[in-house]
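Welcome! Please take a moment to look over the sequence and the fold before reading on.

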Amino acid sequence: MARIYVSSTCGDLKDHRDHVYRALRQLDHDVIAMEDYVAADQRPLAKCLEDVATCDLYVGIFAHRYGYVPDHDNPDQRSITELEYRHAQANGKPCLVFLLNEAAPWPLTLADAFTGDSDQGRRIRALREE
């Protein structure tokens, strides 16, 4: 059994996250995801990064939204999703990153390039290209 951290933006990928979460649980893995978090004294970003550091495997699911960028302790102004990914890399965690196919049908309202968020989608495009 592995401890697996599931990372993605939330609103646009809720169903995808749910499918991945349930499939990994059915395989008897210990799955850590933001859906499991409860109110705590610890800042959400600190909790996320702590969980990433203690996982055996990082699973990232990226579509066309960059995600929430916290103001506190974030000099590079990265999204929580990117910070989780970078933290997994920095801690030598194996990373499995799944990208929504560019040709897949997707609501424009769930794409930063359409909404104008995160530099008109440049930030998520750069992360996906990497």
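This is a predicted model: local features need pLDDT of at least 70, side-chain atom pairs count only at pLDDT 80 or more; totals for chains, interfaces and linings use all residues.

Residues are numbered from 1 along each chain as its sequence is written, and side-chain values use heavy atoms, with hydrogens and water left out.

**Helix 2 and helix 3**

- Helix 2 covers residues 44–54 and helix 3 covers residues 80–90; their axes lie 9 Å apart and meet at an angle of about 30 degrees.
- That angle makes the two helices roughly parallel (angles under 35 degrees count as such).
- Axes here are lines fitted to C-alpha atoms, for helices over the stretch in contact, and angles run from 0 to 180 degrees between N-to-C directions.
- Helices (H or I, at least four residues) and strands (E, at least two) are DSSP runs, numbered from the N terminus.
- Helix 2 contributes Leu 45, Cys 48, Leu 49, Val 52 and Ala 53 to the contact, and helix 3 contributes Ile 80, Leu 83, Glu 84, His 87 and Ala 88; contact means heavy atoms within 4.5 Å.

**Cysteines**

- How many disulfides does a search of the whole structure find? The search finds 0, a disulfide being a pair of cysteine sulfur atoms within 2.5 Å.
- For Cys 55, the nearest cysteine sulfur is that of Cys 95, 7.9 Å away.
- Cys 55 is buried at 1% relative accessibility, whereas Cys 95 is partly exposed, with a relative accessible area of 27%.
- Buried means under 20% relative accessible area, exposed over 50%, and partly exposed in between (1.4 Å probe, protein chains only).

**Tyr 58 and Thr 81**

- Tyr 58 sits in strand 3 (residues 57–62) and is buried, at 0% relative accessibility.
- Leaving aside neighbours within four places in sequence, Tyr 58 touches residues including Tyr 5, Ser 7, Thr 81, Glu 84 and Cys 95.
- Between the C-alpha atoms of Tyr 58 and Asn 91 there are 11 Å, with 33 residues separating the pair along the chain.
- Thr 81 belongs to helix 3 and is buried too, at 7% relative accessibility.
- With neighbours within four places in sequence again left aside, the contacts of Thr 81 are Ser 7, Ser 8, Thr 9, Tyr 58, Phe 62 and Tyr 66.

Key:
Angles under 35 degrees count as roughly parallel, over 145 as roughly antiparallel, 65 to 115 as roughly perpendicular and the rest as oblique.
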